[in-house]
Amino acid sequence: MDFLKCLHVKARSEVYPGSEIRRFPVPDDKVDWAVQWADYKPVDYTAPSLFKRPPWADPPYSDERELDKPLKFNQLDGGVDRTSHVISYSVVNGFPRWKREAGKPIIHSDCGKPVLQFVAICRRDNKEWAIPGGMIDPGERVSVTLKREFGEEALNSLELPEAERKQTKALIDSLFQTGELVYKGYVDDPRNTDNAWIETVAMNFHDETGNSVGKLNLQAGDDAGAVKWMDIDKRQRLYANHTEMLHQVAKMRDAHW
């Protein structure tokens, strides 16, 4: 999947999310890191939430000598996988650096193709609609993360009674048995910096008959402020480059876009 045209757009937003810290402005002709730019002096920024030491994030540091042991990059480090899906990134003075190289289908009346829908969540932090998902905990398999995050964000599974939680888990396990890879790699995320960026694995789990996810009672939970079924359509403006991921799903299934 070619994301070259949509990379480094939201990652160049004016300020860092949830802050008043302004990014160093990067014009379009300087986005390619192969371009020499002696005046480039980005802001040193770490999101305040990372100082609370969430399990999916490395400890904040300004000098690698502050760490009990050096972090291993471009490889598996205990239960933490710091390899990239797209590049072998450089490490400068102990900091990673992004290389500068581097049921019954609805038929659309105009094209005659089926209109797909997806479960969309509204993020609490920025009120943007997005595909459900979240951070992988150390040592966790992607398949486990997908099911956990979908249950927590789209079904509020953490708050369900025990009996209902077991029933919901069975339906999720059934739906998530088979999936197709949509995209794996860099995400144009507004939280990105030069030495810390988001990569993702996006999977499509398709419920053709409506017998699995179609039976689920959608209820927003965890990081989601709202949840709903949403048509896949090119006019949708979603978080990061989630719109491009859904475009790929529409092409995979020969559906309306």
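Read along the sequence, the protein chain runs β-β-β-β-β-β-β-β-α-α-β-β-β-α. In total, the secondary structure comprises 3 helices and 11 strands. Helices (H or I, at least four residues) and strands (E, at least two) are DSSP runs, numbered from the N terminus. The model is predicted; local features need pLDDT of at least 70, side-chain atom pairs count only at pLDDT 80 or more, and totals for chains, interfaces and linings use all residues. Residues are numbered from 1 along each chain as its sequence is written, and side-chain values use heavy atoms, with hydrogens and water left out.

The protein chain has 257 residues, of which 35% are buried. Buried means under 20% relative accessible area, exposed means over 50%, and partly exposed lies in between (1.4 Å probe, protein chains only). The accessible surface of the chain is about 15800 Å². Carbon and sulfur atoms account for 50% of that surface. Accessible areas were computed by the Shrake-Rupley method with a 1.4 Å probe; for residues, only the protein chains shown count as cover.

In soluble globular proteins, nonpolar side chains tend to be buried together. A nonpolar core is here a set of buried Ala, Val, Leu, Ile, Met, Phe, Trp, Tyr and Cys residues joined through side-chain atoms within 4.5 Å. The largest such core has 29 residues. Those with the most contacts inside it are Tyr61, Phe118, Val182, Tyr183, Ile232 and Met245. Two or more residues of this core come from each of β7 (117-123), β9 (180-186) and α3 (242-252). Helix α3 gives the largest share, 4 residues. A second, separate core has 13 residues, including Ile121, Phe176, Phe205 and Val227.

Helix α1 spans residues 142-154. At 1.5 Å a residue, its 13 residues should span 18 Å; the end C-alpha atoms are 17 Å apart, which agrees. The expected span is 1.5 Å times one less than the number of residues. Buried positions in α1 are Thr145, Glu149, Phe150, Gly151, Glu152, Glu153 and Ala154. They pack against β7, α2 (162-175) and β11 (224-231). Contact means heavy atoms within 4.5 Å. Just after α1, asparagine 156 takes a positive phi of about 55 degrees.

The buried residues of α2 are Thr168, Ile172 and Leu175. Seen down the helix axis, these buried residues fall within an arc of 55 degrees, so they line one face of α2. The arc is that of the directions from the helix axis to the C-beta atoms. An α-helix has 3.6 residues a turn, so residues three or four places apart point the same way. The buried residues of α2 pack against α1. On the other side of α2, Ala163, Lys166, Gln167 and Lys169 are exposed.

The loop between β10 (199-204) and β11 holds lysine 215. Lysine 215 counts as exposed, at 57% relative accessibility. Lysine 215 and threonine 168 are 47 residues apart in sequence, and their C-alpha atoms are 9.5 Å apart in space. Aspartate 222 is also placed in the loop between β10 and β11. Aspartate 222 is partly exposed, with a relative accessible area of 35%. Its phi is near 55 degrees, a positive value in a residue other than glycine. Most residues other than glycine have a negative phi.

Histidine 242 lies in helix α3 and counts as buried at 11% relative accessibility. Leaving aside neighbours within four places in sequence, histidine 242 is in contact with Ala130 and Ile131. The C-alpha atoms of histidine 242 and aspartate 188 are separated by 9.0 Å, although these residues are 54 residues apart along the chain. Histidine 256 is found in the segment after α3. Histidine 256 is buried, with a relative accessible area of 10%. A polar contact of 2.9 Å joins its side chain to that of aspartate 233. A polar contact is a pair of N or O atoms within 3.5 Å; within protein, one must be able to donate a hydrogen and the other to accept it, and residues adjacent in sequence count only if both atoms are side-chain atoms. Aspartate 254 is also found in the segment after α3. Aspartate 254 is partly exposed, with a relative accessible area of 47%, and has a positive phi of about 50 degrees although it is not a glycine.
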